[in-house]
Amino acid sequence: MALTTLGNTAFGTSSVVSAAIKDNAVVYNKLDANTAHTDRNQSFTVAQRGSISSLGVRTGPAATNTVTLDLNTSNYYSCTANANLLFANPTNVTAGQAGALFVTANGSYTSSWGSYWRFATGTVPTMSTVAGKVDRVDYVVQSSNTIHAVATIDLLGTA
Amino acid sequence: MWAMVKANQVVAIYRRPKALTIDGVQHPSNIFSVWSKEQKMAIGIYDYTEVRSNLNDKYYRQGSSSTAIDNDAGTVTVTYAANAKNLDDVNEVDENGDAVLDENGDQVVTLGVKSLEKQKVKQIAAGLLQSSDWMVIRAAEGGTAVPDAVATYRAAVRTKSNSMETAINDAADADAMIALETTTYHANGAIDAVATLQDWPTVPAALR
């Protein structure tokens, strides 16, 4: 099939009535310097931000206290602990992803963790138990079942 | 303290809170203080109590234990028995029942509580007499005679030491031994009767 060079000529209104482009028929090679690409080393000239996915106030009986992060959703998550929480093994765990989880205490509650979460010395952290205190768990996914994590407790320093 | 119970068996004892992993879930150490008893029971953590006989360890040693698991109450209680130590000396024997001998061919003897107590009595008596031994030596070498009060005191110490050893020999069991060293008091706190093994003669003024 011969390639057709369109050049800079714009299509006229209604000039294409019915057409279909087969898969891989068009290869876009001219990179736009202002477009992010997944397969290029690029330097951003302004800050890039990941949105923080709010998991809300976690409350209620034990059955509803399990927090399962969907790592496809975001890199950053936040929630308020208003019950004893279980951060279960996340879904869509892919090596190389990194981010953080902000946990705001709303009382004397505990946070337990699924087996994917790996903290230093194998000891999960004791999260803040005073309402208003904020802890942060930074994570890097090493493999599909291993998430390295570091908890920093009481980042506000006061409730 | 807490115990981890699985299949009605105690598999671990936690004497202080610690982070732990149960069924693939990693829990922080503060679950022990924050979680309710029921929440801990749900993952197999029961309250743990050790019951030990509060007996005089001079006369009793800790014996075997028995464990009671109450799955309804979520408790584990371990009770230790108290075994009385040997009051009398024991001639040691080997696994064949033959006498154990020391390097001189003499029978190895493990002293019983009575012998140990009698040793203490002798040591105390010797200590009480020692402070006036110089007076006795001085008199024996032709010097000043031992003052009557001191001589009487020294005799009383020896008499008391002998009577204490007799009382120890006569003690029928550990409780009788304990009674020998127990001072009794009136309700107002005043001494009723000084313990037999503490009832030494009063030191005379000449020796104070």
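B:Ser132 lies in helix α3 of chain B, which spans residues 113–140. The model is a predicted one.

**B:Ser132**
- B:Ser132 has a relative accessible area of 0% and is therefore buried, the cut-off being under 20%.
- Leaving aside residues up to four places away in sequence, B:Ser132 is in contact with B:Val150, B:Arg154 and B:Leu207.

**B:Glu181 and its partners**
- B:Glu181 sits in the loop that runs between α5 (174–180) and β10 (184–185) of chain B.
- With residues up to four places away in sequence not counted, B:Glu181 touches B:Asn56, B:Lys58, B:Tyr59, B:Glu117, B:Ala195, B:Leu197 and B:Gln198.
- One of these, B:Asn56, makes a side-chain to side-chain polar contact with B:Glu181 at 3.4 Å.
- Another, B:Lys58, forms a salt bridge with B:Glu181 through the side chains, at 2.9 Å from N to O.
- This pair links distant parts of the chain, 123 residues apart: B:Glu181 is in the loop between α5 and β10 of chain B, and B:Lys58 is in the loop between β5 (45–52) and β6 (60–70) of chain B.
- B:Lys58 has a relative accessible area of 27%, so this residue is partly exposed.

**Other salt bridges**
- Over all chains, the whole structure holds 12 salt bridges.
- In chain B, the side chains of B:Lys160 and B:Asp199 form a salt bridge at 3.5 Å, N to O.
- Here too distant parts of the chain are linked, 39 residues apart: B:Lys160 belongs to helix α4 (residues 148–170) of chain B, while B:Asp199 is in the segment after β11 (191–193) of chain B.
- B:Lys160 is partly exposed at 24% relative accessibility, and B:Asp199 is partly exposed at 32%.
- B:Lys58, B:Glu117, B:Lys120 and B:Glu181 belong to one network, joined by salt bridges that share partners.
- In chain A, a salt bridge joins the side chains of A:Arg40 and A:Asp39 at 3.1 Å, N to O.
- A:Arg40 is partly exposed, with a relative accessible area of 42%, whereas A:Asp39 counts as exposed at 55% relative accessibility.

**Strands and sheet of chain A**
- Chain A has zero helices and nine strands, so its elements from the N terminus on read β-β-β-β-β-β-β-β-β.
- Six strands of chain A make an open sheet with mixed pairing, in the order β1-β3-β5-β8-β9-β7.
- β1 (52–58) and β7 (117–118) of chain A are at the edges with a single partner strand each, which means that one side of each has no neighbour in the sheet.
- Strands of a sheet pair through backbone hydrogen bonds, in either a parallel or an antiparallel way.
- The partner of β1(A) is strand β3 (residues 76–81) of chain A; the two run parallel and are joined by five bridges.
- Within this pairing, A:Ile52 stands opposite A:Tyr76 in β3(A).

**Chain A as a whole**
- Of the 159 residues in chain A, 28% are buried.
- Among contacts in chain A with a separation of 6 or more, 54% are between residues 24 or more positions apart.

Definitions and conventions:
Residues numbered from 1 in each chain as written. Chains lettered and ligands numbered in written order. Predicted model: local features only at pLDDT ≥ 70, side-chain atom pairs only at ≥ 80, totals over all residues. Heavy atoms only, no water. Pairing = 2+ DSSP bridges. Helix = DSSP H or I, 4+ residues; strand = E, 2+ residues; numbered from the N terminus. Buried < 20%, exposed > 50% of the residue type's maximum accessible area, 1.4 Å probe, protein only. Contact = heavy atoms within 4.5 Å. Polar contact = N/O pair within 3.5 Å; in protein donor to acceptor, adjacent residues only side chain to side chain. Salt bridge = Lys/Arg side-chain N within 4 Å of Asp/Glu carboxyl O.
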